[in-house]
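Hello,

I am handing this structure over to you. Please take a look, then read my notes below.

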Amino acid sequence: MQATAVADLVCDCRNLHGEGVLWSAEHGLLMWVDIHGKALWTLEPVSGAAASHALPERLCCFAPRRGEPWHRILAAFASGFALFDVLTGDRQEIAAFEADKPTTRLNDGRTDPAGRFIAGGMDEGDPMRPISSVVMVDRDLSVTPLFDGVACANSTCFSPDGRQMYFADSPTGNIEVFDYDATAGAVSNRRMLAQTKGVPDGSCVDAEGYVWNAVWEGYRVERYAPDGRLDRIVDVPVAKPTCCDFGGPDLQTLYITTSRLGSEEAFLAREPLSGGLFAYRADVRGVPGRPFG
């Protein structure tokens with residue numbers, strides 16, 4: 001395993017619960033959500049200009065839409081999916097998420113190689129209870145269940161060739177891998193990639209096919225080889241990393257969102273940068289993000 005590296009603060013945004021970070025090459029923007037702060041954030045890496053945009057409800061994950069301005073997104077709100085304009089508030093409902101389960105909400109998602117959006121939920125009533133699911137929003141806006149029995153969906157991302165989908169049900173501590181049929185949007189052959197020593201949160205994949213995972217309450221991001229071997233650790237100077245993605249014009253900066261959720265004032269006095277956006281300059285490139293559609 002390589003020596004441990006360290007991530008640096010790039011935006012002192014102090015999100016209540018930063019999540020869902022992604023790089024939109026089409027717009028030259030890094031984008032992420034503050035779920036419980038009800039905001040979508042953007043960062044222009046060259047200028048360093050950051051902006052926060054208020055939202056009507058919690059946005060849990062999202063995707064830019066192919067050929068559209070950055071502010072017109074596929075939104076996975078806590079309550080369900082919609083086409084949403086961040087600047088105008090225009091909203092076209094697609095489908096509610098688990099309307100028969102009042103304690104669940106959407107949590108984590110990514111776009112697949114064909115431009116579909118894969119997202120899963122969690123049970124806010126009992127985060128250990130596996131009553132939620134993972135679904136697919138197709139390009140025609142139809143919604144299809146993929147699998148259920150999920151307590152807290154995280155880590156959704158795809159191998160560079162699109163033939164594997166990675167996933168974690170966070171309370172299990174396991175990062176799993178499925179065979180993925182990008183033509184049909186179907187998963188099969190679910191199996192273990194790695195059993196972590198923490199709580200796996202959001203993930204991304206680099207161009208070498210390695211998985212980078214943010215470890216909740218673990219002060220770190222871990223890089224796993226395709227065979228499950230722990231390859232590298234990136235220290236983050238706050239307790240609650242939540243998600244990561246490669247961005248910037250050369251796709252060599254790993255951006256990491258963090259959280260202040262559930263932290264007491266005394267703890268935040270010791271770690272005032274909690275909720276900030278951090279970055280690590282890597283020696284590998286990321287995989288270009290895919291818009292929805």
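**The nonpolar cores**

The largest nonpolar core has 32 residues. M31, L40, L59, F62, I73, F81 and F117 have the most contacts inside it. Six names to look for are the strands that give two or more residues to this core: β4 (29-34), β7 (59-64), β8 (72-77), β9 (80-85), β12 (117-123) and β13 (132-137). Bear in mind that the model is predicted.

Leaving out residues up to four places away in sequence, L40 touches M31, W32, V33, A51, S52, H53, L55, L59, F62, W70, I73 and V86.

**The cysteines**

C13 counts as buried, at 11% relative accessibility. For C61, the closest cysteine sulfur is in C60, at 6.5 Å, again too far for a bond. C61 is buried too, with a relative accessible area of 3%.

**A buried charge**

D201 is found in strand β19 (residues 199-205). D201 is buried, yet it has no salt bridge. The nearest side chain of opposite charge is R105, 8.9 Å away. What does D201 touch, not counting residues up to four places away in sequence? The contacts are E19, N154, S155, S170, N213, A214, W216, P241 and T242.

Best wishes

Key
Residues numbered from 1 in each chain as written. Predicted model: local features only at pLDDT ≥ 70, side-chain atom pairs only at ≥ 80, totals over all residues. Heavy atoms only, no water. Buried < 20%, exposed > 50% of the residue type's maximum accessible area, 1.4 Å probe, protein only. Disulfide = S-S within 2.5 Å. Core = buried A, V, L, I, M, F, W, Y, C linked by side-chain atoms within 4.5 Å. Helix = DSSP H or I, 4+ residues; strand = E, 2+ residues; numbered from the N terminus. Contact = heavy atoms within 4.5 Å. Lys, Arg positive; Asp, Glu negative; His and termini not counted. Salt bridge = Lys/Arg side-chain N within 4 Å of Asp/Glu carboxyl O.
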